Amino acid sequence: MTTLTAPVATAPRRPALDRATAMRLAATEYARVTDALRELDPHEWTLSTCNTGWDVRAMAGHTLGMAHMSASLLEQARQMREARRRGGLFIDALTAVQVERNASASSSELVSQFARVGPKAVRGRRRMPGLM
């Protein structure tokens, strides 16, 4: 029989980076992901990742979905509502929503959407209160 214990309350974790640095790095990383996706040849989109059952295309769909969540509070609410409706482990439901929403997009559409939404995701992250 497993016994569960209540978590011990601790002080809020301090960020390793100051906010300005984190925002600059977020912009850089969104651009790097876009560049990496642009460089993929058709075969590479179908390669497996270290995540069991996920290929590069599914990972790109999930990452694009997360960028959309960061870019828009309305989109964040939509995805979270849909994931909750599915039930089960929330993060699994959320990633499934993101992958499925982007499954019909071509590789070039995924790249162009990521290039478009990346800067919006950075702006969305900047709008989020530092406490979050």
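What relative accessibility does Arg-86 have, and does that count as buried, partly exposed or exposed? At 38% relative accessibility, Arg-86 counts as partly exposed; the classes are buried under 20% relative accessible area, exposed over 50%, and partly exposed in between, with a 1.4 Å probe and protein chains only.

## Basis of the report

This is a predicted model, in which local features need pLDDT of at least 70 and side-chain atom pairs count only at pLDDT 80 or more, while totals for chains, interfaces and linings use all residues. Residues are numbered from 1 along each chain as its sequence is written, and side-chain values use heavy atoms, with hydrogens and water left out.

## Salt bridges around Arg-86

The structure holds 7 salt bridges, each defined as a side-chain nitrogen of Lys or Arg within 4 Å of a carboxyl oxygen of Asp or Glu. In one of them, the side chains of Glu-82 and Arg-86 meet at 3.2 Å, N to O. These two residues are 4 residues apart in helix 3, and are therefore separated by about one helical turn. Helices are DSSP runs (H or I, at least four residues), numbered from the N terminus. Glu-82 is partly exposed, at 22% relative accessibility.

Arg-86 also forms a salt bridge with Glu-100, with the closest N and O atoms 2.6 Å apart. Because Arg-86 lies in helix 3 and Glu-100 in helix 4, this pair ties together parts that are 14 residues apart in sequence. Glu-100 is partly exposed, with a relative accessible area of 47%. Through shared partners, salt bridges join Glu-75, Arg-78, Glu-82, Arg-86, Glu-100 and Arg-101 into one network.

## The Glu-75 and Arg-101 pair

Glu-75 lies in helix 3 (residues 73–86) and Arg-101 in helix 4 (residues 90–102), so the pair ties together parts that are 26 residues apart in sequence. Glu-75 is buried, with a relative accessible area of 12%, whereas Arg-101 is partly exposed at 36%.

## The positive surface patch

Arg-19, Arg-116, Lys-120, Arg-123, Arg-126 and Arg-127 form a positive surface patch. Such a patch is made of residues with over 30% relative accessible area and no salt bridge, like charges being joined within 9 Å. Helix 5 (residues 107–127) gives the most to this patch, with 5 residues. Arg-123 has its place in helix 5 and is partly exposed, at 43% relative accessibility.

Terms used
Patches are made of residues with over 30% relative accessible area and no salt bridge: like charges are joined within 9 Å, nonpolar side chains (Val, Leu, Ile, Met, Phe, Trp, Tyr) within 5 Å. Accessible areas come from the Shrake-Rupley method with a 1.4 Å probe; for residues, only the protein chains shown count as cover. Lys and Arg count as positive and Asp and Glu as negative; His and the chain ends are not counted. The place of a charge is taken as NZ of Lys, CZ of Arg, CG of Asp or CD of Glu.
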